[in-house]
Amino acid sequence: MNSPDDIIAKLSPVLSPWRRFGGLAALLAGLGGAVALGSLWLTEPGQLPDRLHLGFALLLALCLAWAGYGGWVLTRRAPMFALDRVVAGWLSVAASAMTAVLLAVLAALRDTPVLFAVGPLLVAVAGVVTFLAHRRRDALLRRKAELS
């Protein structure tokens, strides 16, 4: 018979190779995006409009958030019980909300109503993924509590 600690270890392994790869991919993509955006922003000739500065800043913050997430996942040594999925879900909700706002502004400026539908669809998909991640985490934590 397995001990409760053995069963808990099977519920949420420290980091599988696929989780490590995903964390590394998020870290590298976030850092790569931040370097590319920062380089573009700093080398822009002339004075940029304020809204363009805001856009660069938001995208740079998003890239740094994904890099931070990837670094956090890679440095965790204890079982996370799907906390990484919850954090990634909320990052995707934030990114899709920013994208939805950008698409709404573009739709209003260019009079293309199709863009209005894409933004809420992105937010809805990210919301569903985040909801499922919360449910998975809650189920794992309930099982851990039952075994402890």
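# Helices and rings: a short tour

Guide: Welcome! H2 passes H3 in a left-handed crossing (the near helix is turned anticlockwise from the far one by less than a right angle; clockwise would be right-handed). This is a predicted model, where local features need pLDDT of at least 70 and side-chain atom pairs count only at pLDDT 80 or more, while totals for chains, interfaces and linings use all residues. Residues are numbered from 1 along each chain as its sequence is written, and side-chain values use heavy atoms, leaving out hydrogens and water.

Visitor: How many helices and strands are there in the protein chain?

Guide: Both are DSSP runs numbered from the N terminus: H or I with at least four residues for helices, E with at least two for strands. From the N terminus on, the elements run α-α-α-α-α. The protein chain therefore has zero strands and, as its helix count, five.

Visitor: Is H2 roughly parallel or roughly antiparallel to H3?

Guide: Axes are lines fitted to C-alpha atoms, for helices over the stretch in contact, and angles run from 0 to 180 degrees between N-to-C directions. Angles under 35 degrees count as roughly parallel, over 145 as roughly antiparallel, 65 to 115 as roughly perpendicular and the rest as oblique. Helix H2 (residues 17–42) and helix H3 (residues 50–75) pack at about 155 degrees, with their axes 7 Å apart. That makes the direction of H2 relative to H3 roughly antiparallel.

Visitor: How many nonpolar residues does the contact of H2 with H3 have?

Guide: Ala, Val, Leu, Ile, Met, Phe, Trp, Tyr, Cys and Pro count as nonpolar, Asp, Glu, Lys and Arg as charged, and the others, Gly among them, as polar. The contact of H2 with H3 has two charged and seven polar residues, and its nonpolar residues number 19.

Visitor: What is the angle between H3 and H4?

Guide: Helix H4 covers residues 83–110, and its axis lies 11 Å from that of H3. Contact means heavy atoms within 4.5 Å. H3 and H4 pack at an angle of about 175 degrees.

Visitor: Are the rings of Trp 41 and Phe 56 stacked or edge-to-face?

Guide: Rings of Phe, Tyr and Trp (its six-membered ring) pair if their centres lie within 6.5 Å; planes under 30 degrees apart count as stacked, over 60 as edge-to-face and the rest as tilted. The whole structure has three aromatic pairs. In one of them, the centres of the Trp 41 and Phe 56 rings are 5.6 Å apart and the planes lie at 10 degrees, so the pair is stacked.

Visitor: Which helix holds Phe 56?

Guide: The pair links distant parts of the chain, 15 residues apart. Trp 41 is in helix H2, while Phe 56 is in helix H3.

Visitor: Is Phe 56 buried or exposed?

Guide: Buried means under 20% relative accessible area, exposed over 50% and partly exposed in between (1.4 Å probe, protein chains only). Trp 41, at 24%, counts as partly exposed. Phe 56 has a relative accessible area of 13%, so Phe 56 is buried.

Visitor: Which residue do ring pairs link with Trp 66 and Tyr 69 into a cluster?

Guide: Trp 66 and Tyr 69 are three residues apart in helix H3, about one helical turn. Tyr 69 is buried, at 12%. Ring pairs link Trp 66 and Tyr 69 into a cluster with Trp 72.

Visitor: Where is Thr 130 placed?

Guide: Thr 130 counts as buried because its relative accessibility is 2%. Leaving aside neighbours within four places in sequence, Thr 130 is in contact with Gly 89, Trp 90, Ser 92 and Val 93. The place of Thr 130, within residues 114–147, is helix H5.
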